[in-house]
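Here are a few friendly notes to read alongside the model. Please keep the structure open as you go through the points.

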Amino acid sequence: MLEVERLVAGYGTVPVLHEVSLTLKAGEIVGLLGANNAGKTTLINALSGMVTPSAGRILFDGEDVTHLSAKQRVEAGIVQVPEGRLVFPEMSVRENLLLGGINARARAQRPQQMDRVLDLFPRLQERLGQAAGTLSGGEQQMLAIGRGLMADAKLLMLDEPSLGLSPRFVQYIFAIVDRLHAEGLTILLVEQNLNLTLRHAGRCYVLERGHVAVEGTADVVKNDPRTRSAYLGL
Ligand code: ATP
């Protein structure tokens, strides 16, 4: 479904990603791991069109999307749930969800998608009229994922969904991730939390200073000594 070939990207003249290659098959859940500043967010920003690569290619469902705008990529089904949730705090939960489904492909299905999201997150149902800024961190993460689903995502990219959440909410959010995967959604899970990701992702990539240091099944990644050194920056 997704093929990233030797992607180079950064900010201004400062390169961050150095020829990163990665693949995701339809229905897979793949973890993207790495320490602080390894380049994880830069990579998913490049996939969602927020950062422009200077070399390499991104193929999605066989189409070259490297030069599509962020909006066009959402239309294609590549949807990012950003780090820190970034919900619109003054708007209600309902308005935030409806905005997620504003692209042309998703618009016609908004009522059905809304039912699906509220079935997945009953807590959001209870808070539909409430301003998003008044939700707890865990509830905002539910809203951010719900907003991504409203866009009718084919590939859902979750950036650090566990960040700042209590263990109870982390468990809840990851149970939702497992459920979405079981329903057939393709998921790229960006996380700093190594053990958590290894438990939920079938395959993982470990980024170290903008390079892929290790890749393989969760078991392979877990047992590769380079995984720990990537984290410790040795
Ligand atoms: P974290 O887990 O802390 O979010 P990360 O693996 O997602 O880390 P990135 O956020 O992709 O890492 O950052 C990679 C490098 O790019 C870092 O050196 C960072 O300082 C730099 N960087 C990130 N965003 C910008 C930006 N907007 N402008 C300039 N440099 C940036």
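1. A word on terms to begin with: helices (H or I, at least four residues) and strands (E, at least two) are DSSP runs, numbered from the N terminus. This is a predicted model, in which local features need pLDDT of at least 70 and side-chain atom pairs count only at pLDDT 80 or more, while totals for chains, interfaces and linings use all residues. Residues are numbered from 1 along each chain as its sequence is written, and side-chain values use heavy atoms, with hydrogens and water left out.

2. You will find S162 in the loop between β7 (155-159) and α8. S162 counts as buried because its relative accessibility is 12% (buried is under 20% relative accessible area, exposed over 50%, partly exposed in between; 1.4 Å probe, protein chains only). Setting aside neighbours within four places in sequence, S162 is in contact (heavy atoms within 4.5 Å) with V170, F174, E191, N193 and L196.

3. On the overall fold, the protein has 11 helices and 10 strands. Its radius of gyration is 17 Å, which agrees with the value near 17 Å for a compact globule of 234 residues (taken over C-alpha atoms; the globule rule is 2.2 Å times the number of residues to the power 0.38). The C-alpha trace spans about 50 × 40 × 30 Å along the principal axes. Buried residues make up 52% of the 234. Of the contacts between residues at least 6 apart in sequence, 70% join residues at least 24 apart.

4. Next, the sheet. An open sheet is formed by 4 strands in the order β2-β1-β4-β5, with antiparallel pairing (two strands pair if DSSP finds at least two bridges between them). β2 (14-24) and β5 (63-64) stand at the edges with a single partner strand each, so one side of each has no neighbour in the sheet. Strand β1 (residues 2-11) is joined to β2 by 7 bridges, and L7 has V20 in β2 as its bridge partner.

5. Finally, the aromatic rings. The count comes to 1 aromatic pair (ring centres of Phe, Tyr and Trp, its six-membered ring, within 6.5 Å; planes under 30 degrees apart are stacked, over 60 edge-to-face, the rest tilted). F121 and Y172 form this tilted pair, 6.5 Å centre to centre with 50° between the planes. The pair links distant parts of the chain, 51 residues apart: F121 is in the loop between α5 (110-120) and α6 (122-126), and Y172 is in helix α8 (residues 167-182). F121 counts as buried at 0% relative accessibility, whereas Y172, at 30%, counts as partly exposed.
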